[in-house]
Each structure stands twice: as structure tokens, then as C-alpha cells.
Amino acid sequence: MTQSPHRLPTSVLPTRYDLTVEPDLDAATFSGSVDVAVEVTEQVDHIVLHALDLEFDRVELRRDGADPAPLTVELDADAETASLRPADGSSIPPGEAVVAVTFRGTLNDQLVGFYRSTFRDDAGTEHPLAVTQFESTHARRAFPCFDEPAMKAVFAITVVADASLLVVSNAAEVDRHVVDEGRVAVRFADTMVMSTYLVAVVVGPLEVTEAREVEGRSGSIPLRVVHPPGQGHLCDFALDVAEAALGFFEDYYGLAYPGDKVDLVAVPDFAFGAMENLGCITFREVLLLVDPERATQPELQRIADVINHELAHMWFGDLVTMSWWNGIWLNEAFATFMEITATDAFRPEWDVWTTFGLARAAAFDTDTLRSTRPIEYEVVTAADAEGMFDILTYEKGASVVRMLEQYLGAEEFRDGIRDYLRTHAYGNTETTDLWDALEASTGEPVRRIMDEWIFRGGHPVVTVESTADGLRIGQRRAGFLPETGDDPPWPTPLVVSASTHPPRGAPRRLLLEDHLDVELGSPAGLVQANVGGNGFYRVELTQQLRLALADDPAATPLERFVLVDDTWASLLAGHTPVAEAVELIARLASEERDTSVWRRVAAALGELRRLAGNDFAGAVEDLVRTLTEPVLSELDTAIDANTGDGGIGAASETGATTRSRELRSVVFTLAGREGADAVVRERARGLLLDERDAALRAASTEVVAASATPEEHRELEQRWRAATTPQEELRLLNALIDTPDPDDFGRTLELTLTDVRTQNAPYLLRRGIAHPTLGPTAWTFVEERWTRVVERFPSNSLPRMLEGVRGITDRATAERVERFLSGVELPSGGRTVAQHLERMWVGVVAAGRVRGELAGSPGADG
């Protein structure tokens, strides 16, 4: 079998790293040494390991009973490797050895590898820190290593730094001694055997909370938050979430936490949301530090979700790790599934599985494209690995895992997970190892079912037809555009209830592989083909059956969410007329009081406004105002009555009132933005400084931003620069790009290349490209400054920035976008960009069809 040039030989395997690093924060450089204990399994003439952007000083091989042997170094920048050969031309026999290297490098500004971050204190003074981000293949930028997930080893890490700086790593500090005047060497305990991508070091003028001792199965677990100075008051919520999560996961997995402590580290500049480094989890500040009294419920939930996601990885990902990057989907999908499960246990009143519908809807949207991909596919290069971190890995993967759990039963599923973790602890696995464990615990054909969902892109539309004596259930591949050829059916786990008239029938568990006939004695009048709403498939109903579901008093919020989502997808595909979709939305909205369902309604109406274009904007605005005015009035009255004189957050305020506030913020934003409601807009201007209701204040910021005068825009910018919490800073930054004024919009675009942090700038440009009226201006900005954009932004953020093109509905702009992108090459994410372009054209075609229907004539193609 030919050795892949992108994989290391297995003739030399690491067992232990004794790693010392010494960052110079002011010079933005670092130096270090590493002794890698290896097992040579067969005689070789050279050793190959990974290294990138490093300079080697001394390299030698040490073996018991022999003098250190110098090694020559041959670097291969394309393969990101270093070949080490004995200088005397001899071969290396089997057995134990140590590869000893001293090296140097630069703290880069690309937010990967060993990089430099900064923050400013209250006086405006800038302070640097050094941070690592090694997933997927960036440990090789910090020290020479065997940078593949299956090549696990123990890490013994020492950091030499200025004595005034805080230093944290994966394990607990066990020694600290003075090296010379002003510098100390901080040594950390040995880690468990783990992959290189999980190694972490953070050095800087940071502060840390007092350790909270969490009772664990194997003893106390010290839990801390590391943060920039002066932000200690923003740490309590994160500590509460993490403490609850550690107990929850130890119970769910049936295994003790595998590390010796947990540090949650807030990093000012961070390309991802967070990173599951064992014992030293790094986060964007906005996803860790928060004042609960000034944050909205979705902001708090997002923080809880991310903390739970990363802690779930300590077992599923860190303790048991995929053998190669093709299996990263399972690490991330399962952690996403577990984050929701843990958050649901932490705050049941948040109803997070319904909220997850929003993320799942976005996964459906991408998976309906012809350019979708299987959840798991072959990964060859480092760029392939980077491309795995997308919505199909996280949200579709988690949705399929949830569908399987609901089909097998929650307890049976958990038993299989426990067996899997116990069997493979400290090792590496393939995806099929999990299916085998679940088959053993349930007796169900899990591998046969899941192989079809994991190794194929796309998903089915489950079709439901009434027959003379019941109904027929079938399936076809979901698609926005006409499909060619016949796709084999998916083995689809269904939970279905059907009756000839209300109430709904008892649920039936079915495995749909072709078509099924359900006998009812007469035609079906009420059919729920996705009971509970957890199946990863669309359901296509007649309008009569849709409206019957909308009126079903037994429908759960998630089922109603799915009904709206499926109907909107059918509209985009050209199967459902605008009038039918609007009839359903209006039918639901009159009685709907669930926040997540209203978020989906708001998203549909927002997209309808975009697809309708300026010619029909007035009609959509009238519709929105008609739907929102009575709901807002009702909510205002109820909230005022329940709050009384105690004010917002008063002890008398109930959980129902808190949920009503979040619902009001959603409806308020919809009315003020898409509805152009003059009363709501004026009210929003008076609420910008209102500290009593975080949800309504956040909604008012969005409403004001969308219709801001130049003076109001300047005020929003001043508030952005003076924001005192990460959540307020991000809210106000997004508000700047929502302006309707071309001059203010242009100035905000320029900020992405100057004042806006590189972790946020790509996402601000994404929002700008998707702006309902000024999107073409943002695209011109990106085209003209492409070189600067590529140089400044982290490479993995570029595909995410380009997601904004999905909001384009103008054919001329779409052609310009496609022409430009056909001539550029991205470091990674080419498949993701192809999906963005295809979805852009779906919007262009749908816009032509929608405008044709609204005009009373057949739709054009845009």
C-alpha cells in the first residue's frame, strides 16, 4: 500500500513529549526545546515529523547506551514536514529513542498555531499575550511533532516567562522556579495520552478567578476562569454552567473527568468560538464572559451551549479521539448533541431542543443543495481537514445523532455511548466503532441505517398522501432545483401519528425505506409525520393537511417550528405558492406564543421581504404589521401586569414573564425592521438606554440601526467603542453595518480593515454582503480590497465571510460574484464556497418566482 504524502509513516511513533517554550511577547517571537520519546517499530534511515514556520537550531537522536547522534534536517514546506537523518548516514534500529530539538518561531497574527493576541486596559494601553490554537493541524507551527490525531502521547510542558505574567496549560502547575532576574519556569503535570491538536499554552497579563472545587467521581476538580484584568465580575455564570456540566457529563458518560483541572480561558482574539484543549479550554470573550443582568436569554444560552460543547469533548474527542480527520464530524456532531442535552438539563425552561431548530434549519438549507457533501468524506490534506468544520459536520451531524437517539430510546442510546467510551478510552476510533457499540446495546441495525446517512449527502422529503382508507408515505431526495436521476431511498426512522380527524392518533415507529401504506379506514385528516420534530427529513403535505396541523392543539413548539420550516423550504423549491405559505404563517401567528416558532416566522418573513424586492416591499410590510400589532399589544399588557412596581427582574416576576420578554423582543424587531412600523421605531429610539430589559434593549438596537440617521449611527458607533461587556460590543458592532445610509455603510466597511478585530471583521463583512439594499456595495468593497482582506483575516474565516452572498437576489450582482470567485483560490473551504454560490442562485430564481406571483403573473427566473 502506497504511503500518502500527507500522512506520516507509522514506523516511528511518539510516546511522550518533554516540551519547553519561551515566548517573548514584546518581540512576538518564541523559542523552545522538545524531547520526543519515540518507539521505532522497524529499521529506518530517517524520521519524519511535522514542522511549519519553525527554525531548527540543534537536532539529535538519543538512545540508551549511546552518545547523542546529530541529525540533519530537510524541510518540506508543501508537506509541512521535517525529515531527520543521522548525520553519519547510519540507519536507526528498532527500539526506544528520543528525538531532541531546539527551535525558534514567530508569534503570528493569523490566530492559529502559537499566535499573538492583544487587549487594551482602561487607560488605552495595549497588552500582548501568547495563545495557542492547534486544531486541526497547527501544533506543527509551535513545535516539531507528530501532528496526527492517532499519534497520541503524554505531554510534560514547561513555560519560561516573565514572572509577572499568568501562565496556564493543559494540566495543573506542579513547580515554579526562578530562571534569572524577572523570569520563571512554570512546569505542569503530565497530561493523559492525547493528540497534539489538544495541547494548549496561554501566557499574558491575565487574571484568574479563585478555584471553585467541583466534586467529581475521582475527587475534587478545580474550576477557574482566566480573563483580562477587570473582568472578574463577568465570570460567575460561566462557572455555574461548567460546574453543572461536569456533574452532568460524569453521570451521563459513567466516567470520571479525565483531566486534573478545568481552566476556561477568555481570549481577546480567537478565530473559532472555543477550543476543547484538555483542561485549558479557550474561548472568544463573548462566549464566556457575561453579565446576566445585561444579556439576553439567547446570549446566555449561547454561552451555556458553547461551554457544554467544549466540556463534552473532554470525554468524546479528548479521551476517545477519531483516528483521522474524516472522523472529526463525529467528535463535533456528538459534542453538539451533548451541548444541547446538557443545556436542557441546566435550564429546562429554555426549551433548547426547539431553539436548536434554527440551527437545524440552516443545515437543511445547505444539505438541500446539489453541492452538499456527505457528513463523513475522505480527508487527505490539511486543507481538507479545515474544510470539515462547517454546518454539515456540526448541525446536520447533531441532528442525525438526535434522530437516532429518539428512534433507539434515550436510555438505550446512552448505554451504548458508555460502552463505547469505556472500550476505547485513551485510544482512537473509526465511526463504525460507535455504531457497533449502539447495535450491541439496542439490537437495532444501527450501522446499516447510519451508513446511509453519514456517507451520502442530502436527505429525503417524506411525502404524505391521503388515500381512500388511510395514507401513503413515500420519499424523494430534497432539492431546491429540479433533480435528475433517481436517488436510492434513505432508511428513514419515522415516528408518525395519523387519524381521520382530531385528535391525533397514537405514535407509530416506522423505518421508511421505500413507501408505506397506513390503514385508517377512511382518508387521513390529521397527519404528523415527524412526531416530536426530531427527524432529519422534510415533510411534504397538502395545504389542507398543513392547516390541520397548524390547528392541532397537541402540536409541540418544535413540531410547529418544523411545519413552518418545511413549508418555507417547499416555497423556495417552487412546490408551494407564496399565498399558501402566507396563509399558514398567518394561521399560526394569530395564536402562537412560543419564541422559537416566532423566530422561524420572523426569518421566513424577512426572507420574503428580501425575495419580494422593493416593488412589493409595501405589501410585505403591511403583512408584518398586521401579524405583529395584536401580539405586541397583548405581550405589553401581560408583561406590565406581571412586573408591577417591582421593575424588571423583580422577585415577583415569573419564568413565564421572562419568556414573554424574549418573545416580545422577537416580535418587536420584526415589526420595526421588516414591518417598518413607525410606532415601534419611535419607541425603540426611547429604549436604547433602558437598562431594565436586556431583550427589549437589544431589539431596539436592531430596530434603530435599520433606520438610523447619520446622527444616530454616530451614537451607535460611540457606544460600540465604549461597550463594557462583550455581548454589548458585538450587538453594537453588528448594528453599525445594518445602517440604510450609504455613507455610514461605507465607513463601517472600512472599519473591518482597521478598528474591528480580525476575529469579528469577516463576520461583519458577511452581514454587509447580505444587507437587503446595500449588499452590492459591500461586495464591491470585498472585490476591490481582496488582497488586504486575505492578508488580514484568518484563512478559515474567508469561507464564512463569503456566506453573505447567499442573501443576494439580484441577477447582475450574482453574476459579478460568481465571475470574481471563479478567479480566486482560497486556502480551504472551496466546497463551502461552492455551496454559498449555489444557494445564492436559489435565491435569485426564487425571487423571480415570488415577484411573479405577487404581481399575479408567472414567475420569472430572476
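## Second largest pocket

The lining of the second largest pocket divides into 15 nonpolar, 13 polar and 14 charged residues. Here Ala, Val, Leu, Ile, Met, Phe, Trp, Tyr, Cys and Pro count as nonpolar, Asp, Glu, Lys and Arg as charged, and the others, Gly among them, as polar. The space in this pocket comes to about 1300 Å³. Its lining has 42 residues, and Phe-119, Arg-120, Glu-285, Glu-729 and Arg-757 are the closest to the centre. A pocket is an open set of points on a 1 Å grid over the protein atoms alone, with protein on both sides within 12 Å along at least five of seven lines; a cavity is a set of points where a 1.4 Å probe fits but cannot get out, and lining residues have an atom within 4 Å of a point. Points are joined across faces, edges and corners, and the volume is the space filled by probe spheres set on them.

Which elements each supply at least two residues of this lining? They are strand S8 (113–120), helix H18 (710–721) and helix H19 (726–737). S8 gives the most, with five residues. Helices (H or I, at least four residues) and strands (E, at least two) are DSSP runs, numbered from the N terminus.

## Basis of the model

This is a predicted model, in which local features need pLDDT of at least 70 and side-chain atom pairs count only at pLDDT 80 or more, while totals for chains, interfaces and linings use all residues. Residues are numbered from 1 along each chain as its sequence is written, and side-chain values use heavy atoms, with hydrogens and water left out.

## The ten-stranded sheet

Ten strands form an open sheet with mixed pairing. Their order is S3-S6-S5-S4-S7-S2-S1-S10-S13-S12. Strand S3 (47–50) and strand S12 (173–180) are the edge strands, and each pairs on one side only. From one strand to the next, the twist averages 20°. Axes are lines fitted to C-alpha atoms, for helices over the stretch in contact, and angles run from 0 to 180 degrees between N-to-C directions. Two strands pair if DSSP finds at least two bridges between them.

Strand S7 (residues 95–106) runs antiparallel to strand S2 (residues 29–40), and twelve bridges join them. Ala-37 has Val-98 in S7 as its bridge partner. S7 also pairs with S4 in the antiparallel sense, over seven bridges. Leu-61 has Ala-69 in S5 as its bridge partner.

## The four-stranded sheet

Another open sheet has four strands in the order S27-S24-S23-S29, with mixed pairing. Its edge strands, S27 (516–519) and S29 (538–540), each pair on one side only. Neighbouring strands are turned by 25° against each other on average, direction ignored. Strand S24 (residues 470–477) pairs with S27 in the antiparallel sense over four bridges. Gly-470 stands opposite Glu-519 in S27.

## Backbone details

Where are the cis peptide bonds listed here? One runs from Glu-135 to Ser-136, with omega near 5°. Ser-136 is in the loop between strand S9 (126–133) and strand S10 (154–162). Another runs from Pro-502 to Pro-503, with omega near 0°. Pro-503 is in the loop between strand S25 (492–499) and strand S26 (508–512).

Asp-351 is not a glycine, yet has a positive phi of about 50°. Asp-351 is in the loop between helix H3 (328–346) and helix H4 (352–367).

## Confidence

The protein has a mean pLDDT of 95, and 97% of its residues reach 70 or more. pLDDT is the predictor's confidence in each residue, from 0 to 100. Over residues 645–652, pLDDT stays under 50. The model has eight contacts beyond four places in sequence for this stretch, where contact means heavy atoms within 4.5 Å. Where pLDDT is low, the predicted coordinates should not be read in detail.
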